[in-house]
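Here are my notes on the model you sent. Please read them with the structure open.

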Amino acid sequence: MLAAVDSCTLAGLHVRRVEVQAHIANGEVKFLLVGMAATSVKEARERVRSAIKNSGLEFPGKRLTVNLAPAELRKEGSRLDLPIAVSIALARAGRTPAPNTAFLGELALDGAVRHVDGVLVAALGLRELGFERIFVPQANAAEAALVDGLVVTPCASLKAVVNHLLGIELIEPHSSTSPASDLYIEPPEHDLAEVHGQEEGRRALEIAAAGGHHLLLSGPPGAGKTMLARCLPGILPPLELEEALEVAQVRSLLGELSGDRPLSWARPFRAPHHGVSAAGLIGGGSGLAQPGEISRAAHGVLFLDELAEFQTPVLQALRQPLETGRVTITRSGGSVSYPARFTLVGATNPCPCGWAGDPVRSCRCTPGAIATYQRRLSGPLLDRIDLKVGVRRIKVETLASEPTGESSAPVRERVVAARARQLARQGCLNAQLKPARLRQLAGLEPASRRVLERWAEQRGLSARGFHRAWRVARTSADLDGAEQIAERHILEALGYRLQDVAA
């Protein structure tokens with residue numbers, strides 16, 4: 001007696017089809033699991049045996065062989081429990097499943113079907129492979145239902161699944177709703193109205209939000225660097241559907257999706273501690289690498305407070321993702337690629353004690369200590385940061401009075417309008433424009449071009465820095481609603497590369 005059902009295994013955000021074949025034959029009573037199964041999959045034998053017996057189903061008293069094909073593909077995780085049990089039950093009954101149907105789920109010893117990670121990724125991949133129906137744990141049904149074109153069957157128990165397949169008692173498919181029907185976003189925790197002064201920092205924050213530019217804030221302790229950075233999510237627009245699905249895929253892999261509301265429209269804001277390892281920030285782990293903080297921050301903000309305190313190799317690992325918007329990690333189990341298109345916001349002090357250049361408190365650091373501290377941020381890394389702003393101490397009388405600056409709401413309106421202009425003109429944000437398209441879509445007036453070229457020549461600006469300043473000027477023009485980049489926009493963009501920050 002032979003039966004086969006389909007499932008899959010994951011390699012990052014890629015899906016690989018797995019056919020689970022069960023064969024019951026005469027011979028020594030034995031349960032064999034073959035097909036390059038990892039330890040976590042081999043353990044499925046005992047879970048499946050107990051789940052079948054405790055579900056009131058009969059476990060074969062003959063030689064049972066389960067093959068996970070293709071044999072050369074390594075299988076990991078517990079998501080193959082359900083397809084293994086279903087293939088055994090169908091082999092005993094002499095039945096076959098409906099075509100283009102896949103099964104995913106972990107089994108408890110009592111036969112309950114438990115949550116597994118990565119169901120959204122699996123559902124998207126299975127749809128691309130031509131599957132039309134998918135059986136998933138009840139706890140994962142909402143995320144699987146985000147994928148159009150799939151009939152999602154929620155599975156509470158193994159017995160319910162078998163009864164459905166044998167036509168005894170059918171399970172109602174999960175009712176899917178349009179993802180765009182739930183656009184609820186929690187109000188931001190921090191508002192720009194709470195920021196006293198810091199006009200230059202506020203303007204830089206607005207430009208960073210409008211064009212997707214990276215930002216570095218430098219200043220003494222308590223000047224408001226962290227407060228400014230934490231106001232950034234409040235002036236960013238909600239995620240687009242495609243972006244929200246990509247963010248949800250990363251969270252699905254990590255098991256962080258909410259069961260009742262799997263799709264979030266709020267842009268991610270990640271702020272790892274400066275003790276984070278390279279694997280924690282970039283991604284890593286044994287076998288196939290898991291997403292790191294830069295992938296969790298995709299389409300959102302990665303805030304690195306106390307930037308100079310991060311380990312140097314960790315910071316240097318940011319250089320390639322900052323350029324490409326993706327990160328590819330190779331480990332013993334293979335190579336995986338994850339999204340890493342985020343806005344970097346860094347905050348740092350100018351020296352170890354933090355008071356270099358402060359008009360009130362004197363710096364206690366030696367010139368050598370300051371130079372060593374500033375060298376922790378390499379030139380190539382700083383060259384990839386578009387906006388560098390010095391955050392100064394606020395006067396006490398200003399702190400004691402009511403703040404007079406704009407709230408986040410009108411700033412967000414300008415940011416949304418500027419982003420709409422960019423997307424209509426070029427289909428992406430200004431920070432993502434390649435040099436060829438920058439020349440084509442963001443032409444400079446003669447006076448503006450002369451200013452940019454003269455400044456770049458006199459200051460020794462790199463080619464990357466030249467184009468980044470050009471992109472910032474285009475964003476400044478978009479915020480003003482200007483079609484052409486004027487000289488004032490170039491001067492503003494160059495001003496953000498003048499600050500003598502920690503380097």
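1. Arginine 464 and glutamate 323 form a side-chain salt bridge, 3.2 Å from N to O. Arginine 464 sits in helix 20 (residues 463-480) and glutamate 323 in helix 13, so the pair ties together parts 141 residues apart in sequence. Arginine 464 is partly exposed, at 28% relative accessibility. Glutamate 323 is also partly exposed, at 31%.

2. Glutamate 323 has a salt bridge to arginine 384 as well, at 3.7 Å, N to O. Arginine 384 lies in the loop between helix 15 and strand 18, and glutamate 323 in helix 13 (residues 319-324), so this pair links parts 61 residues apart in sequence. Arginine 384 is buried, with a relative accessible area of 9%.

3. These bridges belong to one network: shared partners join Glu323, Asp383, Arg384, Asp386, Arg464, Arg468 and Arg497. The structure holds 25 salt bridges.

4. Look at aspartate 383 next. It lies in helix 15 (residues 379-383). At 14% relative accessibility, aspartate 383 is buried. Beyond its neighbours within four places in sequence, aspartate 383 contacts Ser462, Arg464, Gly465, Arg468 and Arg497.

5. Five strands form an open sheet in the order 11-14-17-10-18, with parallel pairing. Strand 11 (269-270) and strand 18 (387-390) are at the edges with a single partner strand each, so one side of each lacks a neighbour in the sheet.

6. A word on confidence. This is a predicted model. The protein chain averages a pLDDT of 92, and 97% of the residues score at least 70. Confidence is lowest in helix 16 (residues 396-400), at a mean of 70. Where pLDDT is low, predicted coordinates should not be read in detail.

Key
Residues are numbered from 1 along each chain as its sequence is written. This is a predicted model: local features need pLDDT of at least 70, side-chain atom pairs count only at pLDDT 80 or more; totals for chains, interfaces and linings use all residues. Side-chain values use heavy atoms; hydrogens and water are left out. Two strands pair if DSSP finds at least two bridges between them. Helices (H or I, at least four residues) and strands (E, at least two) are DSSP runs, numbered from the N terminus. Buried means under 20% relative accessible area, exposed over 50%, partly exposed in between (1.4 Å probe, protein chains only). Contact means heavy atoms within 4.5 Å. pLDDT is the predictor's confidence in each residue, from 0 to 100. A salt bridge is a side-chain nitrogen of Lys or Arg within 4 Å of a carboxyl oxygen of Asp or Glu.
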